[in-house]
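Hi,

Here is the structure I promised to pass on.

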Amino acid sequence: EAWRALEGGAALPTQSWAWLRASASHLVGHDALQLVTAVDEAVAPLIRRGGVGSRRLELLSVAELSEPADLLCADDASRAALCRELAKTGLPMRFERVPAGSPTVEALREVYGRRLLEREQEGSPAIDLDPSWAEPESKLSSKRRSDLRRAMRRAEKLGPVDLAVHAPGPDEVDALLDEAWAVEARSWRASREGALAQDTLRGPFFETFARLAAADGTLRIALLRAGDETLAMQLNVVFANALWLLKVGFDEAHGKCSPGMLLTAETIRYAATQGLAAYEFLGVVESWTSIWTDLVRPYVTLRTYPLSWSGATGFVGDVAGKVRAKLGKSS
C-alpha cells in the first residue's frame, strides 16, 4: 500500500509496483533483493551484486532489461533521507540509466560529494505530444508518407486490415499475449535476442508484468492484423501520462508491408488522441525511431564509493576495469 501511494509521483513505469513484483519474481534471487526505505515515503529497489570485496548495490532490473530506473520518493526531503540511508549501507552503488534530470542526481551529490562519479549514457528517443500528433503521418516527409500509404495498400492485399490498441482486462490478457509472442518470434529480434516465448528470463518477466498491468488497467497491446494473419505487435503501458513502448515485433515474411511502421503510426495516434503528454520509445536511438523524432531523453550512470573497505575496493576495481578497456582498444 505504501508503494502504491508513492506511484503517483513516479516518472517511469519501472518504478511501478507491477514492475517490482515481476522483477523480484523472475529476474533476481530473493536473497539478492534489497529494499532500502526512509519512513515509508521513499524506497530504493536494489539488488546486491558481486562477492566478498566486490559487493555493490544496483537498481533492480536495469542490468537484465536495460530500461531506465530511479528511486521512488514522495518529495525532495524524503529523497535526501533515503540517500543518507543508502550511504549507511557502506556499500558502493552503480545506478545505470538514471534520467539525467532526476532529483536523485543532486541528492546523491549532496551525500557523496566527490565520491559520486557521473557518466553520460546513451539516451532513448521520445515524442512530446500535442494534438497535431493525432495525425502522425503529417509529421513525416512526403516520401515517408508515400511509403506509408504504399505499405498499407500492400497489407490490404492480404485481407481487411485491423489496427487496434487493446486495453485488456485480466481475463483477456493471456490470449492477446499468445498472439503477440507468436508475432515477436517471427521477427528479426528473434534472431538477434531470442524470442520472448523461449526466453526463460525475460519471457516470464513480461508475462507477469503484463498480467499485473492489465489488472491495473495500464496495459496496452497493439496488434496489426491483415486478413487471417497478425503482422506486428507492440507491448505498451500507460504510465505517468505517457505511452511507453516496451516490446515490438513484426512478421519478417511481410516486411514489404512495413508492419512495424504502420503499427507505430497507429500507437502514436492513439497516445495523442488519449491526451497523453508523451510517447516513449525506450531502448536507444535506431534508424526506425529517427523517422519519427530527434528528441532523446538523456541518462546517466551514477557510481558511489563510500568511505569503507567495500567503497575502496569498488573504486580500485572500477579504475582497473577502465584501464583494461582502454588497453584492449589500443591493442
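**Salt bridges and a pocket**

Arg 150 is partly exposed, with 32% relative accessible area (buried is under 20%, exposed over 50%, partly exposed in between, using a 1.4 Å probe and protein chains only). Before going on, note that this is a predicted model, in which local features need pLDDT of at least 70 and side-chain atom pairs count only at pLDDT 80 or more, while totals for chains, interfaces and linings use all residues. Residues are numbered from 1 along each chain as its sequence is written, and side-chain values use heavy atoms, with hydrogens and water left out.

Back to Arg 150: its salt-bridge partner is Asp 147, with the closest N and O atoms 2.9 Å apart. A salt bridge here means a side-chain nitrogen of Lys or Arg within 4 Å of a carboxyl oxygen of Asp or Glu. The two sit 3 residues apart in helix α6, which means about one helical turn between them. (Helices are DSSP runs of H or I with at least four residues, strands are E runs of at least two, and both are numbered from the N terminus.) Asp 147 is partly exposed too, at 23%.

Elsewhere, shared partners link Arg 49, Arg 56, Glu 58, Glu 64, Arg 94 and Glu 96 into one network of salt bridges. The total count is 21 salt bridges.

Now for the second largest pocket: which residues lie nearest its centre? They are Ser 258, Pro 259, Gly 260, Met 261 and Trp 288, out of 22 lining residues. α10 gives the most to this lining, with 5 residues.

Ser 258 is worth a look for its backbone as well. Its phi is near 45°, a positive value in a residue other than glycine. Most residues other than glycine have a negative phi. Ser 258 lies in the loop between β10 (242-250) and α10 (259-273), and at 29% relative accessibility it counts as partly exposed.

Leu 282 has a positive phi as well, about 60°, but Leu 282 counts as buried, at 5%.

Cheers

Notes:
1 Å grid on protein atoms, 1.4 Å probe; cavity = no way out; pocket = protein on both sides within 12 Å on 5 of 7 lines; lining within 4 Å.
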